Amino acid sequence: MKKAIVWFRNDLRLHDNEVLFEALSWADEILPIYIFDPRQFANHELGFPKTGHHRLQFIQESVQDLRLNLQDLGADLIVRTGHPEDVLFSLARYHEAFSIFCQEESCSEERAVEDKLVANMDTIEGEVNFYWGFSLLHYEDLPFKLTAVPEQFTIFRKKVEKDFRIRPTFPSPEKLTVIPGVDSGEIPAGDELIRHSEEPVTPETKLEKVKGGETHGIIRVKNYIWETGRIAQYKETRNGLLGTDYSSRFSAWLAHGCLSPRQIYYEVKKYEQEVESNPSTYWLIFELLWRDYFRFMSLKHEDEIFKAGGIRKSGIGGYQDAMSFHRWAEGNTGIPFIDAAMRELLATGYTSNRARQNVASFFVKDMKMDWRIGAAWFESQLVDYDPASNYLNWNYIAGIGNDPREGRYFNVLSQAKRYDPTGAFVKHWIPELRKLPSSRIHTPFHLNEVEQEYLTIRLGQEYPRPCINLKDWRALKKKSHY
């Protein structure tokens, strides 16, 4: 009897899962497992956990949803806490399941675990079968080798779109036969994994959080594409800031593999055939290609994406001041547009792409901070974190990545007035500024003492003074690209 272990990683779904499909095609019995690796919950030197409570909650919900879906097929999900290379090796040896099936990852920490697992399995003449399933395009179908992936996204996109090949999806299983007699284990509570995991104090406002799991991801796709048809306006609304429908919000489910990018692609193509095809439907696929691009670039550049100089190896520096970092991370910089986005991130584990670009640019270009600290904070907080997209986006903003334009800088005030003209976003997340008129909402630091008294917004008390030198800021803004 052939036995196999199916190690779920960032592929927490049954639909379009090549790992599961191939394991079921080969084995008579399988052991599905998810492993909480304590190394992913260790604390950064500034005191925050590598995986914060928002992302942990999303993972817990996704693992629980996968477990329920497997139970519907007569199986169960085994859950363990420990180093995957050791846990899997012990299970393989004990149950004589010498074949492990899993998804291949692209970044150094994950690949190091893969190497250790292969080395362990070699000692018992076992094998580890890897499958690429994170991206829309398979790297074997690219029109160039991974070592030759273009350094600019536009060149990459144009080349892959000339002969656009998206592989078909894999069918979902209808029934599973599992290795009997294995204790399923409990999903660990947050305080078992994260030290100092108390929830942050957040504004008294409705929190817009998504729930993890394949079930909820599929519901979101159905709602966004078919029930509301909002996909038809995606390009026009994607730079929104408030609510859940200005964007697809697929990113968290994609990051943890609760949704397959190929499944989304074929849903969009079906919509185009049955309803309409327009720039917005194309733009959603365009965004999936950006996601692919970062993943392939992480394979090409490996550890460079995490180093100070980024993929350009430029040797960029920056301050590592704890007080300045906390002002930014907690939304107390004194710049309302920045603070609103950072408070939203702290409260929900999410903020829009437009907001992310601005807060990252402000952190690096205005506060002169080390971009790696900002990237680590995003890693901790974002429910849709994946290492390639996060760190290469920070490379991009810091000017050490794939941006063909030198010295890109975001003018925060012009961005705020363009994307939050009435101040609704700021007022939603910064209640102490709600009395300010729209004309002053983004510049409370220009209020004189009489105005501050009248509006009961004393700078340095109800709301902080700017953490940067405004004279220097005004000079730098004149050079801005945005």
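## Trp328 and Phe378

In this predicted model, Trp328 and Phe378 are both buried. The count of aromatic pairs comes to 37. Trp328 and Phe378 form a stacked pair, because their ring centres lie 6.2 Å apart and their planes meet at 15 degrees, under the 30 degrees that stacking requires. Distant parts of the chain are linked by this pair, since Trp328 belongs to helix H12 (residues 322-329) and Phe378 to helix H15 (residues 371-381), 50 residues apart.

## Phe337 and Phe425

Phe337 and Phe425 make an edge-to-face aromatic pair, with 6.1 Å from centre to centre and 70 degrees between the planes. Here too the pair links distant parts of the chain, with Phe337 in helix H13 and Phe425 in helix H18 (residues 424-429), 88 residues apart. Both of these phenylalanines, Phe337 and Phe425, are buried.

## Arg343 in helix H13

Helix H13 (residues 336-348) also holds Arg343, which counts as buried because its relative accessibility is 11%, under the 20% limit. A polar atom of the Arg343 side chain lies 3.0 Å from the backbone oxygen of Gly331. Leaving aside residues up to four places away in sequence, Arg343 touches Glu330, Gly331, Asn332, Trp429, Ile430, Glu432 and Tyr463.

## Arginines over Tyr350

Two arginines are placed over the face of Tyr350: Arg249 lies at 3.8 Å from the ring centre, and Arg356 lies at 5.1 Å from the ring centre.

Notes: Residues are numbered from 1 along each chain as its sequence is written. This is a predicted model: local features need pLDDT of at least 70, side-chain atom pairs count only at pLDDT 80 or more; totals for chains, interfaces and linings use all residues. Side-chain values use heavy atoms; hydrogens and water are left out. Helices (H or I, at least four residues) and strands (E, at least two) are DSSP runs, numbered from the N terminus. Buried means under 20% relative accessible area, exposed over 50%, partly exposed in between (1.4 Å probe, protein chains only). A polar contact is a pair of N or O atoms within 3.5 Å; within protein, one must be able to donate a hydrogen and the other to accept it, and residues adjacent in sequence count only if both atoms are side-chain atoms. Contact means heavy atoms within 4.5 Å. Rings of Phe, Tyr and Trp (its six-membered ring) pair if their centres lie within 6.5 Å; planes under 30 degrees apart count as stacked, over 60 as edge-to-face and the rest as tilted. A charge sits over a ring if NZ of Lys or CZ of Arg is within 6 Å of the ring centre and within 35 degrees of the ring normal.
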